[in-house]
Amino acid sequence: MGWRDWPYWVKGAIILLAIETFIAICLFTYFAIMDYVIDPNGFGHGLAAGILVIFYLISIIPALIIGALIGWIYGKIKSK
């Protein structure tokens with residue numbers, strides 16, 4: 001069963017989750033670098049990155065639901 005055979009709501013959920021993961025990785029990298037640049041001694045190092053990881057883990061479920069909803073609506077429109 002290939003990508004073309006999957007329902008639109010599954011495709012939407014996966015695409016939105018991939019976009020969210022890409023953005024989270026970019027932000028995680030940026031905050032990790034900025035923590036190091038601001039305080040190279042390591043005091044408070046990783047605090048912003050840790051908060052970002054927690055935020056990402058909390059936002060996974062809403063992203064899947066929103067992506068599935070968008071995909072479901074797209075599938076309904078396309079089937080007409």
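Where is A63 found? A63 sits in helix α2, and we will come back to this residue once the overall picture is in place. A word on the ground rules comes before that. This is a predicted model, in which local features need pLDDT of at least 70, side-chain atom pairs count only at pLDDT 80 or more, and totals for chains, interfaces and linings use all residues. Residues are numbered from 1 along each chain as its sequence is written, and side-chain values use heavy atoms, with hydrogens and water left out.

Let us begin with the whole chain. The protein has two helices and zero strands; here helices (H or I, at least four residues) and strands (E, at least two) are DSSP runs, numbered from the N terminus. Helix α1 covers residues 8-38, and helix α2 covers residues 47-79. Of the 80 residues in the protein, 21% are buried, where buried means under 20% relative accessible area, exposed means over 50%, and partly exposed lies in between (1.4 Å probe, protein chains only). The protein exposes about 6,200 Å², and carbon and sulfur atoms supply 78% of that area. Accessible areas come from the Shrake-Rupley method with a 1.4 Å probe, and for residues only the protein chains shown count as cover. As for contacts (heavy atoms within 4.5 Å), among those between residues at least 6 apart in sequence, 65% join residues at least 24 apart.

Now back to A63. With a relative accessibility of 9%, A63 counts as buried. Setting aside neighbours within four places in sequence, A63 is in contact with L16 and E20. The C-alpha atoms of A63 and G12 are separated by 9.8 Å, although these residues lie 51 apart along the chain.

Each of those two partners deserves a visit. L16 lies in helix α1 and is partly exposed, at a relative accessible area of 26%. Besides A63, L16 is in contact with I66 and G67, again leaving out neighbours within four places in sequence. Its C-alpha atom is 9.5 Å from that of I65, which is 49 residues away along the chain.

E20 is also placed in helix α1. What does E20 touch, not counting residues up to four places away in sequence? The answer is Y56, S59, I60 and A63. E20 is buried yet has no salt bridge, and the nearest side chain of opposite charge, K11, is 20 Å away. A salt bridge is a side-chain nitrogen of Lys or Arg within 4 Å of a carboxyl oxygen of Asp or Glu.

What E20 does have is a polar contact of 2.3 Å between its side chain and that of S59. A polar contact is a pair of N or O atoms within 3.5 Å; within protein, one must be able to donate a hydrogen and the other to accept it, and residues adjacent in sequence count only if both atoms are side-chain atoms. S59 itself has its place in helix α2, and at 14% relative accessibility S59 counts as buried.

P7 lies in the segment before α1 and is partly exposed, with a relative accessible area of 36%. I14, in helix α1, has its C-alpha atom 8.2 Å from that of A68, at a sequence distance of 54 residues.

I14 then leads us to the surface. At 37% relative accessibility, I14 counts as partly exposed, and it touches W3 and W6, not counting residues up to four places away in sequence. I14 also belongs to a nonpolar surface patch with W3, I15, I19, F22, I23, L27, Y30 and F31, which together have about 850 Å² of accessible area. Patches are made of residues with over 30% relative accessible area and no salt bridge: like charges are joined within 9 Å, and nonpolar side chains (Val, Leu, Ile, Met, Phe, Trp, Tyr) within 5 Å.

Terms used:
Lys, Arg positive; Asp, Glu negative; His and termini not counted.
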